[in-house]
Amino acid sequence: MGKTRADIPDASCAASAASSERRAQIIACAYELYQEKGLSRTTIKDVTERVGVTRTLFYHYFPDKDALTSAVLDAYIDEFVESLQHWNAGRREGDIEHALSSVVKLLRLGLFENDPFHIALASRENAALYLEFVNRVADHAATYIIETTVQDYAELHEVRIDHLYETFYVLILGVIGYLRKHPSADDAVIADVIAQTLHMDRPEA
């Protein structure tokens with residue numbers, strides 16, 4: 001009996017999978033190099049040598065270093081959202097104070113690590129890239145929190161704010177900007193600002 005079309009591996013699908021895997025390898029190596037050397041010190045040659053590909057193949061996936069850096073930012077943002085998922089899973093039902101204090105710590109650790117890439121992002125040289133990064137963080141984080149944490153909160157408390165996405169987006173940007181300008185700010189103050197902005201029902205002191 002002859003093979004049907006369904007029995008024959010789709011060469012185009014296999015090629016597509018291999019292409020996606022190669023692209024992911026390039027991003028992963030750039031991610032490592034940016035953490036090790038920083039953004040400005042990492043060259044396309046560094047990336048291609050670590051991956052083991054030619055510059056021609058690199059340009060098949062990315063037109064330039066900026067496009068690669070944008071993909072690396074996506075990887076950082078995915079990592080931060082994954083941290084948010086762990087934070088959300090570890091919240092204690094009804095314990096607002098714990099949720100506030102732990103999310104402030106998460107913001108500090110996730111967005112202000114002192115590896116060379118974060119330091120490079122925060123420099124004046126990369127101001128536009130940093131702005132793109134924090135805006136994308138705010139977008140992804142706001143969307144995730146609204147779809148998960150806010151829904152859980154609404155089961156126990158009244159949600160007393162309108163324009164949820166816009167409120168969380170602006171709040172996240174504001175907290176990031178404030179912590180960048182005032183890195184020694186007290187976590188309790190940041191938690192108070194978040195709670196006040198969101199009109200959260202907190203227990204009496």
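Residues are numbered from 1 along each chain as its sequence is written. Because the model is predicted, local features need pLDDT of at least 70 and side-chain atom pairs count only at pLDDT 80 or more, while totals for chains, interfaces and linings use all residues, and side-chain values use heavy atoms, with hydrogens and water left out.

Thr48 lies in helix α2, residues 44–51 (helices are DSSP runs of H or I, at least four residues, numbered from the N terminus). With a relative accessible area of 5%, Thr48 is buried (under 20%; exposed is over 50% and partly exposed in between, with a 1.4 Å probe and protein chains only). Leaving aside residues up to four places away in sequence, Thr48 touches Val53, Thr54, Arg55 and Phe58 (contact means heavy atoms within 4.5 Å).

Phe58 is itself buried, at 0% relative accessibility, whereas Tyr59 is partly exposed at 38%. The structure holds four aromatic pairs (ring centres within 6.5 Å; planes under 30 degrees apart are stacked, over 60 edge-to-face and the rest tilted), and two of them are tabulated here.

| Pair | Centres apart | Planes | Class |
|---|---|---|---|
| Phe58 and Tyr59 | 5.4 Å | 85° | edge-to-face |
| Tyr165 and Tyr169 | 5.7 Å | 50° | tilted |

Ring pairs also link Phe58, Tyr59 and Phe62 into a cluster. Tyr165 and Tyr169 both lie in helix α9, four residues apart, about one turn of the helix.

Thr167, Leu171, Val175, Tyr178 and Leu179 in α9 meet Ile190, Ile194 and Thr197 in α10.

Key:
Helices (H or I, at least four residues) and strands (E, at least two) are DSSP runs, numbered from the N terminus. Rings of Phe, Tyr and Trp (its six-membered ring) pair if their centres lie within 6.5 Å; planes under 30 degrees apart count as stacked, over 60 as edge-to-face and the rest as tilted.
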